Amino acid sequence: CGSSACLPPIRNLTDYEDVLPGAALAGSQINYNVYVSGIINVNKNFTFRNGVNINMGQATGFDVPSARTLEFAHGVDVRGTCCLWRGIYVYGSGTFRSQCGNHPTLTNLIQDALYAVRPFNIGGTPRIALRQTIFHNNLIGLRGTDGAFVLQGSGTGFPYFEKNQFSSGSLTCIGCLEGIEDILPGLGLTYNTNRALAGIWLDGSNGPNALTNLTIFPSNEGLNNSFNNLAIGIEARNLNLSIKDCASFRNITNTSPYGFGRGINYSDPTGNFSLTVQGLVANGTNQPNLDAFDNCTIGVRAEGREVNPTTVNIDDCRMVNMQAGISLDGFFGNIEGSTQHNDIEASSLGIGLFDAFANGARQYRITNNTISMGQFGRSIAVYGTGLSSASFVEVDHNQVDDAGAVGVLANTHRNVYVHDYDITVNGA
């Protein structure tokens, strides 16, 4: 209904001392059930652990204020009962932690939320510590659009953000919150129960304490995070983002009701920010499948449309069963950096740089990539006019296999230097 009268009541966690005394509740792996109605203000440090099931009613959630910690540990199951619940909001210097230590099989589950976890930089920097947690059927798993926050593993001894899973199937809880809170205002999206929108959504454009830099830490060997069956794996805008040795993206296709189909979707509308994607599963030597991207409409799409340069470096990634591997959009803009040492199997496009009417002294290099294409694909495509004489693209030392239609296409670009490449047509 959209009015404050529709919002659920807010109660302090200490109001429930009769059933939640002390600092923790343990289910001892016997399916201990907790039912939540309204918004719970976590006004004391508290841990749910060891088999507690938390059942969230319509529009419910947790608020974690400054200097307080809410923790899920060792097999906690949190899910909605009918409609989406709001999620876990972390304010100021508050901390939300979800972890299972080194247990070989236990995971936490957070499911059916509008935004499962959402930090707010208000009077302090929130800390979000996630390890061995499944985010399933949330519209967005982690929404970071409200100022800077710290992202890590589960704290001291587990600094890495790892072994988290972001996924969706058919959403069983319906979206009852549209009248109360917009779904990322300005996108024009309508909630749909067929698939989750994104695993992680980041935007650094808001406020004086904006999120301008974030590194998703490298994972320990074989403990990468996974993004599966979503419209977008990671969406990022207006910030420097670095993703190294820590993730895989599977079944991210534009058949979702939201479209997209992008493993990583990056946008820098103002310039001077950067995206680094490097060796996403290089450390995962214990994994049977070392592909960083598998069955995505586009593996990585990056956009920079200002004279101020956007820097995009994509290195050491393997992509299979792709429609397009890497798509760089600098229309009227300025993208610089390099794409190198990637191994891409795609049906339509291997690597594309599209910068018609590009401005500024942009320089980009596409080098030492191995690309296998379908019969009618474009292995490497560079489109654009390159208005500046200092605008320069170098395409070198790439190996192109089975290029049925086009090996390297340089279309109307002012300065493209193509050299030292191998093209094998249909295995010949």
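Student: How many helices and how many strands does the chain have?
Tutor: Keep in mind that this is a predicted model, where local features need pLDDT of at least 70, side-chain atom pairs count only at pLDDT 80 or more, and totals for chains, interfaces and linings use all residues. Residues are numbered from 1 along each chain as its sequence is written, and side-chain values use heavy atoms, with hydrogens and water left out. Helices (H or I, at least four residues) and strands (E, at least two) are DSSP runs, numbered from the N terminus. The tally for the chain is zero helices and 40 strands.

Student: What average pLDDT does the chain have?
Tutor: pLDDT is the predictor's confidence in each residue, from 0 to 100. In this chain 81% of the residues score at least 70, and the average is 84.

Student: Where does pLDDT fall under 50, and how many contacts does the model have there?
Tutor: A contact here means heavy atoms within 4.5 Å. Residues 1-5 stay under 50, with four contacts beyond four places in sequence. Residues 283-289 are also below 50, and beyond near neighbours in sequence that stretch has 18 contacts.

Student: What share of the residues is buried?
Tutor: Buried means under 20% relative accessible area, exposed over 50%, and partly exposed in between (1.4 Å probe, protein chains only). The chain has 428 residues, and the buried share is 57%.

Student: How much accessible surface does the chain have?
Tutor: Areas come from the Shrake-Rupley method with a 1.4 Å probe, and for residues only the protein chains shown count as cover. Carbon and sulfur atoms own 47% of the chain's surface, and the total is about 15,900 Å².

Student: What share of the contacts with a separation of 6 or more comes from residues 24 or more positions apart?
Tutor: Take the contacts in the chain with a separation of 6 or more, then pick out those between residues 24 or more positions apart. Their share is 77%.

Student: How many disulfides are there?
Tutor: To count, a pair of cysteine sulfur atoms must lie within 2.5 Å. C100 is buried at 1% relative accessible area, and C296 is buried at 2%. The disulfide count for the structure is zero.

Student: Is the F46 and F48 pair stacked or edge-to-face?
Tutor: Rings of Phe, Tyr and Trp (its six-membered ring) pair if their centres lie within 6.5 Å; planes under 30 degrees apart are stacked, over 60 edge-to-face, and the rest tilted. The whole structure has 13 aromatic pairs. For F46 and F48 the centres are 5.0 Å apart with 65 degrees between the planes. Both residues are buried, and their pair is edge-to-face.

Student: Why does the F227 and F249 pair count as stacked?
Tutor: F227 sits in strand β21 (residues 225-228) and F249 in strand β24 (residues 247-252), so we have a link between distant parts of the chain, 22 residues apart. F227 is buried at 2% relative accessibility, and F249 at 0%. The ring centres are 4.9 Å apart and the planes are at 10 degrees, so the pair is stacked.

Student: Which residues form one aromatic cluster with F227 and F249?
Tutor: F227 and F249 belong to one aromatic cluster.

Student: Is F96 buried or exposed?
Tutor: F96 is in strand β11 (residues 95-99). Leaving aside neighbours within four places in sequence, its contacts include L70, F72, I88 and V90. The C-alpha atoms of F96 and L70 are 5.0 Å apart, although 26 residues separate them along the chain. With 0% relative accessibility, F96 counts as buried.

Student: What is the phi of N272, and is the residue buried or exposed?
Tutor: Most residues other than glycine have a negative phi. N272 lies in the loop between β25 (262-268) and β26 (274-278). Its phi is positive, about 75 degrees, although N272 is not a glycine. At 52% relative accessibility, N272 counts as exposed.
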